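Student: Please take me through one part of this model up close. I'd like the contacts spelled out and the cut-offs stated as you go.

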Amino acid sequence: WGSLTLTLAERFPNARITAVSYAQQHVDYINAESVSRGLSNINAIRTGIRKFYSEGQYDRIFSIDALVHQSNLEKFFERFASWLK
């Protein structure tokens, strides 16, 4: 439901956090909580991990429960690696 996203955003206010979730209720919760907590460093995106593509570069990538549902982990790790700085 976004607890890691919200915790990271609070703990590291100068970081930009991108959260990706397939569930609209998760994105809605993250957005509502970020507003109520005064956090402006979160970008919550509703999409599946298979459809998410980023032209941006990231310092770190955390995956919670996304990879367990994938059959070709090597493909996903290659994609993740391409997004890392």
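Tutor: Let's start with a term: contact here means heavy atoms within 4.5 Å. Keep in mind that this is a predicted model, so to speak of local features we need pLDDT of at least 70, and of side-chain atom pairs pLDDT 80 or more, while totals for chains, interfaces and linings use all residues. Numbering runs from 1 along each chain as its sequence is written, and side-chain values use heavy atoms, with hydrogens and water left out.

With that in hand, go to Ser21. Ser21 is in strand S1, residues 17-21 (helices are DSSP runs of H or I with at least four residues, strands are runs of E with at least two, and both are numbered from the N terminus). Ser21 has a relative accessible area of 14%, so it counts as buried (buried is under 20% relative accessible area, exposed over 50%, partly exposed in between, with a 1.4 Å probe and protein chains only). What does Ser21 touch? If you skip its neighbours within four places in sequence, Ser21 is in contact with His26, Val27, Ile45, Arg46 and Thr47. The Ser21 side chain also reaches the backbone nitrogen of Ala23, at 3.2 Å.

Now slide along S1 to Ala19, which sits in that strand. Ala19 counts as buried because its relative accessibility is 9%. Not counting residues up to four places away in sequence, Ala19 touches Thr5, Ile30, Asn43, Ala44 and Ile45. Ala19 and Arg60 are 41 residues apart in sequence, and their C-alpha atoms are 12 Å apart in space.

Thr5 takes us over to helix H1, where Thr5, Leu6, Leu8 and Ala9 are buried. Those buried residues fall within an arc of 165° when you look down the axis of H1, so they line one face of the helix (the arc is that of the directions from the helix axis to the C-beta atoms). S1, H2 and S2 are among what covers the buried residues of H1. Turned away from the buried side, H1 carries the exposed residues Ser3 and Arg11.

Thr5 and Ala19 meet again at the largest pocket. Its lining has 44 residues, and those nearest the centre are Thr5, Thr18, Ala19, Val20 and Phe62 (a pocket is an open set of points on a 1 Å grid over the protein atoms alone, where a 1.4 Å probe fits, with protein on both sides within 12 Å along at least five of seven lines; lining residues have an atom within 4 Å of a point). H1 (3-11), S1, H2 (24-36), S2 (42-46) and H3 each give two or more residues to that lining. S1 supplies the largest share, five residues.

H3 spans residues 73-83, and Phe76, Arg79, Phe80 and Trp83 are buried in it. Down the axis of H3 the buried residues fall within an arc of 100°, so they too line one face of the helix. Glu74 and Glu78 are exposed on the other side of H3.

One last stop is Gln70, in the loop between S2 and H3. Gln70 counts as buried because its relative accessible area is 13%.

Methods:
A polar contact is a pair of N or O atoms within 3.5 Å; within protein, one must be able to donate a hydrogen and the other to accept it, and residues adjacent in sequence count only if both atoms are side-chain atoms.
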